[in-house]
Amino acid sequence: MRRWHVMVAVWLAWALVPAEAGGQAHPAVGFEQHEESLVAWSAPTATLNATVLKSPPAPGDDSVRARLKACLLSGDLNCVVTQWMALKGLENVPEWLSRFQRAFDAGKRQAGQCVEVAKAIHEGLSRLGQRSEFYRVTLVGEHRKILGFDEIVNGVLVKSHQVATNGLHVAVRLQGRIIDAYTGLAGLPEEEYLRRLVPYPGMKILVEVVDSL
């Protein structure tokens, strides 16, 4: 059920500035799909720190809760898994937590994966005590429904990844940050995330925040 709804019509005119006008031409079409990580994430495993497993703190240990919260705030996925397992005193990673981990795998960074990824992230954050929302991006217009995402490293545009071919992309919003397979658990501030989205020329972006998909 939709809780509230915000429309953001964004004409990314800057994305179409030609090189001869003094700017660098922006690759609005012909996006490539890559499996390289956009940020320093590696595919996490279910193997946990041996010391933690040998001497887990009592469930509910405040020091572990504090570390878990710090891991979430910093976007450290492996740390989140390790601290949650320590907090619960478990040795086997539950299925929901495995789905949460896999949501950030390099293989998920391609068009058509976003809904599954968003659901896994939303469920994982909820079970970790966080209140997140689904962040739905729709392209509006009469042109091709292609949406890209700019990978930027140290302020430099490296490449544009194709995130949607049907005009729909779904992510998760948590405390003003947008999280998906492309951002990693750390996410990006909403304003920065929107700047990195590249619609096909002539298309507008509609953003909706919803409670469920």
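**Close-up 1. N154 in the loop between β2 and β3.** N154 lies in the loop that links β2 to β3. Helices (H or I, at least four residues) and strands (E, at least two) are DSSP runs, numbered from the N terminus. The model is predicted: local features need pLDDT of at least 70, side-chain atom pairs count only at pLDDT 80 or more, and totals for chains, interfaces and linings use all residues. Residues are numbered from 1 along each chain as its sequence is written, and side-chain values use heavy atoms, with hydrogens and water left out. Phi of N154 is near 55°, a positive value in a residue other than glycine. Most residues other than glycine have a negative phi. N154 is exposed, at 78% relative accessible area. Buried means under 20% relative accessible area, exposed over 50%, partly exposed in between (1.4 Å probe, protein chains only).

**Close-up 2. Q175 in the loop between β4 and β5.** The loop runs between β4 (168-174) and β5 (177-179), and holds Q175. Phi is positive here too, about 50°, although Q175 is not a glycine. Q175 counts as exposed, with 64% relative accessibility.

**Close-up 3. The open sheet β3-β2-β7.** Three strands pair antiparallel in the order β3-β2-β7. The edge strands, β3 (156-164) and β7 (197-199), each pair on one side only. From one strand to the next, the twist averages 30°. Axes are lines fitted to C-alpha atoms, for helices over the stretch in contact; angles run from 0 to 180 degrees between N-to-C directions. Strand β2 (residues 147-153) is joined to β7 by 3 bridges. Pairing requires at least two bridges between two strands in DSSP. L147 has P199 of β7 as its bridge partner.

**Close-up 4. The crossing of α4 and α5.** Helix α4 (residues 95-102) packs on helix α5 (residues 114-127) at about 125°, with axes 8 Å apart. The two helices are therefore oblique to each other. Angles under 35 degrees count as roughly parallel, over 145 as roughly antiparallel, 65 to 115 as roughly perpendicular and the rest as oblique. W96, R99 and F100 of α4 make the contact with A120, I121, E123, G124, L125 and R127 of α5. Contact means heavy atoms within 4.5 Å.

**Close-up 5. C71 in helix α2.** Helix α2 (residues 62-74) contains C71. C71 is buried, at 4% relative accessible area. Leaving aside residues up to four places away in sequence, C71 touches D76, C79, V80 and Q83.
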